Amino acid sequence: MRVFVTGGAGFIGSHTLVQLLRQNAEVTAFDNYSNSSPVALARVKRLAQSDLSSVEGDICNRAALETAMRAAKPDAVIHFAGLKAVGESSEKPLSYYKNNIAGSIALLETMDAVGCRNIVFSSSATVYDPAKAAPFTEEDPLGAVNPYGRTKQFIEEIIRDWAAANSDASAAILRYFNPVGAHVSGDIGEDPVGIPNNLMPFIARVAAGSLPRLQVFGGDYPTSDGTGARDYIHVEDLASAHLAALKYAATVKGCDVFNIGTGRSTTVLEMLHAFEQACGKAIAYRITERRAGDVASSVADVSKAKRILGWQAKYDVADMCQSSWNWQSRNPKGYDNGQ
Ligand code: WQD
């Protein structure tokens, strides 16, 4: 199978590439490296002991996309590329709407031009209306509360309309909960630029000594210990969900949407203590004010993915922390260390 992967050098893209190559897929990674590194692709090839094609390009560049896709002749596209920082999306909404929405439209147009009708799309749990108490099922009302989340919500609708207009189209939309962890080798992982916004890379840098302490945003939520609860999912499980979705999209027409999580809830302090176990060090923290826009709890109902895709998560929080620490300690400067 030939697969065209936008954002292939990113955190989730790189882990998915390794699994695709190990299944003997022919892969083209299309990435502008705006928040990723070509070093990740070199490591993917080494890990999978297999080659892939890589094209440096932007999904908003319709001509570049078409040249790359005509050469790749894909059976399916996995669409990871997009801007993803929630806070930044409120400061630069037009940049988010342009990159994520215009980029996705350019991608679908190019797929039409080259006759590829299968897509797996990276959506997010942030599309759900936070007024509904977790766990979220796919039928729950949508109502993203920031521009980033709204781009995902709008792209879902665009893909749904595209699939409805093309009887031969297949689209699997995956709503990720909180992706964390790294490949077991420690060779690829999450490499955020600057001070991380997300919990897991922040904890990892405190453990490594490059940040002084974790600020725990809120200690008075209605959760087991008062700190925010999330459904963390190991990036290797997330990657395998894409392979299951590709298989599904190869046989079933139309558009469907799946939550991709574990169905289990972990609080900030539970995650911090699990990470302490993994790295063998105490991690300094202080409980501070709630972060604007955060919900108390976000957990997936994962029964649909299990029922229809035949997929479920295998890894637990201890695996997530272990692999994340392995990546962090082997690559203190992320991909800056080079090959
Ligand atoms: C998790 C928990 C924080 C940092 C975001 C996006 C979502 C998706 C994943 C997609 C919360 C707490 C965090 C810190 C803390 N992104 N926290 N101190 O907000 O659930 O989801 O990332 O591309 O769309 O919204 O993830 O990791 O930021 O936070 O206490 O320094 O950790 O309050 O309870 P979130 P997160």
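This is a predicted model: local features need pLDDT of at least 70, side-chain atom pairs count only at pLDDT 80 or more; totals for chains, interfaces and linings use all residues.
Local features are reported at pLDDT of at least 70 and side-chain atom pairs only at pLDDT 80 or more, whereas totals for chains, interfaces and linings use all residues. Residues are numbered from 1 along each chain as its sequence is written, and side-chain values use heavy atoms, with hydrogens and water left out.

Seven aromatic pairs are present in the structure; rings of Phe, Tyr and Trp (its six-membered ring) pair if their centres lie within 6.5 Å, and planes under 30 degrees apart count as stacked, over 60 as edge-to-face and the rest as tilted. One of these is the stacked pair of Y97 and F154, with 6.2 Å centre to centre and 25 degrees between the planes. Because Y97 belongs to helix α5 (residues 93-114) and F154 to helix α6 (residues 147-165), this pair ties together parts that are 57 residues apart in sequence. Helices (H or I, at least four residues) and strands (E, at least two) are DSSP runs, numbered from the N terminus. Y97 is partly exposed at 24% relative accessibility, and F154 is partly exposed at 37%; buried means under 20% relative accessible area, exposed over 50%, and partly exposed in between (1.4 Å probe, protein chains only).

Y248 and F258 make an edge-to-face pair, 5.5 Å centre to centre and with 85 degrees between the planes. Y248 is in helix α8 (residues 235-251) and F258 in strand β11 (residues 254-260), so the pair ties together parts 10 residues apart in sequence. Y248 is buried at 10% relative accessibility, and F258 is buried at 0%. The charged end of K304 also sits over the ring of F258, 5.2 Å from its centre; for this, NZ of Lys or CZ of Arg must be within 6 Å of the ring centre and within 35 degrees of the ring normal. Elsewhere, R290 lies over the face of Y221, 4.1 Å from the ring centre, and Y128, F136 and F177 form one aromatic cluster.

Turning to the ligand, side-chain polar atoms of N178 and of N198 each lie 3.0 Å from an oxygen atom of the ligand. For F217, a backbone N or O atom lies 2.9 Å from a ligand oxygen atom. The ligand taken alone exposes 690 Å², of which the protein buries 88%; these accessible areas come from the Shrake-Rupley method with a 1.4 Å probe.

How values were computed
A polar contact is a pair of N or O atoms within 3.5 Å; within protein, one must be able to donate a hydrogen and the other to accept it, and residues adjacent in sequence count only if both atoms are side-chain atoms.
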